Amino acid sequence: MQQLHPELRENVRMLGELLGHSIRNQLGEAVFAKIEQIRKAAKADRKEDGKSRKQLKEVLASLTDQELVPVTRAFNQFLNLANIAEQYHTVRRSAPVQERVDNRVDLFDDVVDRLLSNGVEPEAVVDALAQLEVEFVLTAHPTEITRRTLIQKYDQISENLEKLDRKDLFPEEREVLVSHLQRLIAEAWHTDEIRYERPTAVDEAKWGFAVIENSLWTALPNFIRQLDAISLKKLGKRLPLDCRPIRFSSWMGGDRDGNPNVTSEVTREVLLLSRWMAADLFRRDVDALRSELSMSGCSPALQEAAGNSREPYRKVLGLLRDRLDATLAWTEKALEGVVRPGPEVLLDNEALLAPLRLCYDSLIASGMQVIADGRLLDVIRRANCFGLQLLQLDIRQDAERHADVMKELCSFLGLGDYAAWSEDEKQAFLVRELAGKRPLIPRDWTPSAEVQEVLDTCRVVARQPLESLGSYVISMASDPSDVLTVILLLRESGMRHPIPIVPLFETLDDLTHAAASIERLLSIDWYKVHIGGRQQVMVGYSDSAKDAGQMAAAWAQYQAQEALTAVAAKHEVKLTLFHGRGGTVGRGGGPANRAILSQPPGSVDGRFRITEQGEMIRFKFGQPGVAIQNLHLYLGAVLEASLSPPPLPKPEWRAQMDTLAGTALDSYRQVVRHTDRFVEYFRAATPEQELGKLALGSRPARRKAGGGVESLRAIPWIFAWTQMRLMLPAWLGSDAALHQAIDGGRAPLLKEMLESWPFFETHIDMLEMVLSKVDTDIATYYEERLVDPSIHALGEQLRQRARAVTDVLNQLKAQPELLRDNPVFKHSLSVRNPYTDPLHYLQVELLARDRAEGEVNKDTVERALKVTMAGVAAGMRNTG
């Protein structure tokens, strides 16, 4: 087995030792010795020492209530520190090329080299690069389990590791840095890692702003600077000044689907806070520019704008600073009440960009390009990407809520029962209203509170500058009328500039009929003119996987995207597919570049929109170096998928995939929907019911109170199975499908698909990754302690299926064990196991105590239980 790189191993060891100092200092040698005893027993247990496992369980069961929390916290903190060391290691400046290969890091210049060697003309690469549209939509799905105050300390620890990563440090310099690390780790150890109050939707939005301020504000211009250098060096041409291949939007404060806490007033507040944050950041940038641009030589245009000032750049930038100050003052007043902006307030990006471009052009014309291409160029690129809105806000609402508005409105107007109309009747009515000029909503109408909230949201949206808004996403959209209704409601609210209205297809049935729905929509003449040749469609990964299982959902998503691409081409419309992926494999997650490169040919075409959720935002974009690396991965993959798409699947591959998906769907639903007492087993064997005690996010865990698995959101569904290490949602159904295919003599065809079809290869690799996290021994322990013995047989069946699909996958890939081709990830798991295993056993003990009647120390038990959930999430590198 490949070992950790020496530098990574040393960092993990050092951080662990420093944590040990803090534990000793607070808890004493006796408790620290018990923690070490547990760790060593867990490590020995992984070497198949049954005696060690018995000893481990005995020690954990003997912990007093006073020892529960500190022991649990110790293992949780070590896992967080190991994650920090690993994350920093992926972006080390001195990391050798082979290590980058082992970690599957594919930088943008690697992609350009590959495209050129495959015969793509340099000019085609330059043109495609200049037109790329890659947009990340930051969402506040409740998966970020780490408190923000600890995230900030972890970021500082990573920064200190970077400072230590030098060979020329004097001993005293190293001592100072290690001492600082010791303090940071002590601060983290003495900080409660559990959030006791759920964040509000506004809190979540502020967390998103902090990611921009602390990381992406630096990372984005540095990344584009790297792209520019690659373009000049390898393609012979620089990027245009207005190039903005990367964009960022947000759902935080705009996603009201199933979240009653996101109201129209919350949305208004978040939009204003976003503009305030942008103005504040640009104000700082402009101050720094005024300090630098002290020169007097300038173009006539700049001199005219500066009023013949001796320091024209400072004069023009000073005027811009004054307008930013006015913008800050206005947003602060507007947060207290509705205040109209004065003429000095910056409302559109052009007003921000114009003076910056004027300065840039003047410097170029005056022979000072080296100065123009410094900080000023970075600020221009920030203005292009983030603009005055910082993050464009998406709105998401369920189609049923819009239909309720129309039902009440039509009833009030005496037009009949809207809900009873056929789809054709609805479309005819909506198009007639949209084509007309008279208002539809009367002033004397008093709708229900629920309908009023929808209308209030539309009014908030309609009053925003166009650049503040992203897309309006409609959950559970199935018919053209769902889209037309939103356009009409926005128009009635005063909207004069169209924004993308995006139907979201998320269940298996939705995906199957998505292309037909968009075909009907694009066949409406009025609508075709309205969209101006561009259509966005969102594909949901999480709910389709929970509905149908991972394999059937993945194939349905692939086919839907193929069909949507064909429909858009038929209607000569530019299609942007919006991928609603989660952080886990069970919710469409996994290595981003592999996923992009496995999309159907023609479906990317230079445009790619994707959600980034919960803790994945921090893992991918929380630190500038890590963010830059991930931007390389995404942009490179989108460029390659656009210019060198994968081949079309052969007919026999499609037929085989149809069979696999059908078998997987039947098998998955048979267990989840039709197996007696399955829900009872799920709720007993996992901490699903206890997840509600974790104050993760503003959104409820269930769409509706009560109900079974169908009412549970995809995130806690995945979270719960991950905590007890069965990982069931990511493989259930796939196992039966692969078994049946191999037993039917299809193994040679499956191997051909694995070698030649990126879609199937990626799916199998993701399956392998998730199976590597399965631990049936740990899952058995959850069952033994927590589940009624009368349904243990069900658990044994599921564990046997997990073991069997592992054997099938190894057979298919002709390897003796999992992760043969991913040794770095494999060793990463092995390093974590001695710290994750005790947390699992502790969690079982705590769940048993928490569920027991008469437990007197409920608060202590519940706190320790929450820490185990956080720790397991850290060990698995994800929650839901």
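Predicted model: local features only at pLDDT ≥ 70, side-chain atom pairs only at ≥ 80, totals over all residues.

Reader: Is Leu 413 buried or exposed, or partly exposed, and which residues form a nonpolar patch with it?

Author: The relative accessibility of Leu 413 is 32%, so the residue counts as partly exposed. On the surface, the nonpolar patch has about 240 Å² of accessible area together. Leu 413 forms this patch with Phe 412 and Leu 415.

Reader: Which backbone atom lies 2.7 Å from a polar atom of the Thr 267 side chain?

Author: Thr 267 is part of helix H11 (residues 264-292). Its relative accessibility is 0%, and therefore Thr 267 counts as buried. Leaving aside neighbours within four places in sequence, its contacts include Gly 253, Gly 254, Leu 393 and Val 460. The atom at 2.7 Å from a polar side-chain atom of Thr 267 is the backbone oxygen of Gly 253.

Reader: What separation do the C-alpha atoms of Lys 574 and Arg 534 have?

Author: Lys 574 lies in strand E7 (residues 574-580) and, at 45% relative accessibility, counts as partly exposed. Not counting residues up to four places away in sequence, Lys 574 touches Gly 533, Arg 534, Gln 535 and Arg 607. Although Lys 574 and Arg 534 are 40 residues apart along the chain, their C-alpha atoms are separated by 4.7 Å.

Reader: How many aromatic pairs does the structure hold, and how far apart in sequence are the parts that Phe 78 and Tyr 835 tie together?

Author: The structure holds 26 aromatic pairs. In the pair of Phe 78 and Tyr 835, the ring centres are 3.7 Å apart and the planes stand at 20°, so the pair is stacked. Phe 78 lies in helix H4 (residues 65-89) and Tyr 835 in helix H36 (residues 823-851), so the pair ties together parts whose separation in sequence is 757 residues.

Reader: What geometry does the aromatic pair of Phe 136 and Phe 621 have?

Author: Phe 136 is in strand E1 (residues 133-139) and Phe 621 in helix H25 (residues 615-621), so this pair ties together parts 485 residues apart in sequence. Both Phe 136 and Phe 621 are buried. The rings are 5.1 Å centre to centre with 65° between the planes, and the pair is edge-to-face.

Reader: Which residues do ring pairs link with Phe 136 into a cluster?

Author: Phe 621, the partner of Phe 136 in the edge-to-face pair, belongs to this cluster. Besides Phe 136 and Phe 621, ring pairs link into the cluster Trp 217, Phe 248, Phe 282, Phe 386 and Tyr 634.

Key. Residues numbered from 1 in each chain as written. Heavy atoms only, no water. Helix = DSSP H or I, 4+ residues; strand = E, 2+ residues; numbered from the N terminus. Buried < 20%, exposed > 50% of the residue type's maximum accessible area, 1.4 Å probe, protein only. Polar contact = N/O pair within 3.5 Å; in protein donor to acceptor, adjacent residues only side chain to side chain. Contact = heavy atoms within 4.5 Å. Patch = residues over 30% accessible without salt bridge, like charges linked within 9 Å, V, L, I, M, F, W, Y side chains within 5 Å. Areas by Shrake-Rupley, 256 points an atom, 1.4 Å probe, with all protein chains shown as cover. Salt bridge = Lys/Arg side-chain N within 4 Å of Asp/Glu carboxyl O. Phe/Tyr/Trp six-rings, centres within 6.5 Å; stacked < 30°, edge-to-face > 60°.
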